[in-house]
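Dear colleague,

Please find below the structure that I am handing over to you. My findings follow it, arranged by topic.

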Amino acid sequence: MSSPPRNEPPNRSLVDFHCHLDLYPDLQTAIDEAEAARVYTLAVTTTPLAWERNQDLMAGLKFVRPALGLHPQLVHERSRELGLWEKKLAETRYVGEVGLDFSPTHQASSFDQRKVFRRMLECCAEQGGKILSIHSVRAASDVLELLETHLSLESNKVVLHWFTGNVQEAKRAVELGCFFSVNVNMTRTQKGHAVLKTLPFDRLLTETDGPFTSIGGRPARPVDVGEAVCGLAQVLRRKEEEVQSRVWQNLKGLLTS
Ligand code: MN
């Protein structure tokens, strides 16, 4: 087999499709590091108030993109920011972090979360062409139900981030057309393994969800996303290069379809 020409661009850049760059001590440093390392990074935000700064600092970059979010865990105190989120939506193709979180700590706001998320889906459906990074902790079925009812997945794309639903819910999500961004923690649990093995290879992306996951005792950064590739390769019994290459192809497909 002949080796590819020297100056051929790498066909398997790393992909971190869900990272909170603006939650690190210095946003500019975090952006510079991901861009210099050529890691395709979706920088999700947790409040629309953060949007402008993220957008300004990431303007014109090749590898790092901001996403417009309103995190479900913040809805109890920030649901009034939905209007601002709606106003900014036309400025971007990327939406996240949004979704539902029905874990015990956040269940009290489940009614408001549902209302806010539903409205966001309606807005995305209206504009079309969006790519959403969605949180669904203890709420996979609810998220899927809202997606099925309120969002056309023909003109919009959904990536379920750190999916912790069961095998049946995963199947339903696959049928709906969802992608999955997988982090290293998902490759370390029995339940995670069971779900990951059922997901089509062409629907997989990788993520760090930094700084909410750690590598070697410190918050993970986009440059660490190779750990997710490695974990995924072990679970799927495939070569790391194959997984990395497939994830990159999947991202290209997601962005161009
Ligand atoms: Mn997150």
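In helix 10, the buried residues are Val243, Gln244, Ser245, Val247, Trp248, Asn250, Leu251 and Leu254. Please note that the model is a predicted one. The length of this helix can be checked against its residue count: helix 10 runs over residues 240-256, and at 1.5 Å a residue its 17 residues should span 24 Å. The C-alpha atoms at its ends are 24 Å apart, so the two values agree.

The metal site

Which residues coordinate the manganese ion? The donors are His18 and His20, each through NE2, together with Glu97 through OE and Asp209 through OD, at 2.2 to 2.4 Å. Along the sequence, these donor residues follow the spacing H-x1-H-x76-E-x111-D. Two of them, His20 and Glu97, link distant parts of the chain, being 77 residues apart. His20 is placed in the loop between strand 1 (15-19) and helix 1 (27-36), whereas Glu97 belongs to strand 4 (residues 94-101).

Because the limit for a buried residue is under 20% relative accessible area, His20 counts as buried at 1%. Glu97 is likewise buried, with a relative accessible area of 1%. Asp209 is buried as well, its relative accessible area being 5%.

Backbone features

Asp209, which lies in the loop between strand 8 and strand 9, has a positive phi near 55° and is a residue other than glycine.

A further cis peptide bond is found between Gly210 and Pro211, with omega about 0°. Pro211 is located in the loop between strand 8 (204-206) and strand 9 (214-215).

Arg138 also has a positive phi, of about 55°, although it is not a glycine. This residue sits in the loop between strand 5 and helix 6 (140-150). Is Arg138 buried or exposed? With a relative accessible area of 62%, Arg138 is exposed, because the limit for that class is over 50%.

The largest pocket holds about 230 Å³ of space. Its lining comprises 14 residues, and those nearest the centre of the pocket are His71, Gln73, Glu97, His135 and Asp209. Glu97 and Asp209 are also among the donors to the manganese ion. Which element gives the most to this lining? It is strand 5 (residues 131-137), which supplies three residues. Sorted by class, the lining of the largest pocket consists of four nonpolar, eight polar and two charged residues.

One cavity of 30 Å³ or more was counted. The volume of the largest cavity is about 50 Å³. Its lining is formed by Asn183, Val184, Glu207, Thr208, Thr213, Ile215, Ala220, Asp224, Val225, Glu227 and Ala228. By class, five of the residues that line the largest cavity are nonpolar, three are polar and three are charged.

Aromatic pairs

The count of aromatic pairs comes to two. In one of them, the ring centres of Tyr40 and Phe63 are 4.8 Å apart and the planes stand at 55°, so the pair is tilted. Tyr40 is part of strand 2 (residues 40-43) and Phe63 is in the loop between helix 2 (51-58) and strand 3 (64-66); the pair therefore ties together parts that are 23 residues apart in sequence. Tyr40 is buried, with a relative accessible area of 19%, and Phe63 counts as buried at 5% relative accessibility.

The rings of Phe163 and Phe180 have centres 5.6 Å apart and planes at 80°, so this pair is edge-to-face. Phe163 lies in the loop between strand 6 (157-161) and helix 7 (167-176), while Phe180 lies in strand 7 (residues 179-182), so the pair ties together parts that are 17 residues apart in sequence. Phe163 counts as buried at 4% relative accessibility, and Phe180 is buried with a relative accessible area of 1%.

With kind regards

Terms used
Residues numbered from 1 in each chain as written. Predicted model: local features only at pLDDT ≥ 70, side-chain atom pairs only at ≥ 80, totals over all residues. Heavy atoms only, no water. 1 Å grid on protein atoms, 1.4 Å probe; cavity = no way out; pocket = protein on both sides within 12 Å on 5 of 7 lines; lining within 4 Å. Points joined across faces, edges and corners; volume = space filled by probe spheres on them. Nonpolar A, V, L, I, M, F, W, Y, C, P; charged D, E, K, R; others polar. Helix = DSSP H or I, 4+ residues; strand = E, 2+ residues; numbered from the N terminus. Expected span 1.5 Å × (residues − 1). Buried < 20%, exposed > 50% of the residue type's maximum accessible area, 1.4 Å probe, protein only. Donors = N, O, S within 2.8 Å, 3.2 Å for Na, K, Ca; no water. Phe/Tyr/Trp six-rings, centres within 6.5 Å; stacked < 30°, edge-to-face > 60°.
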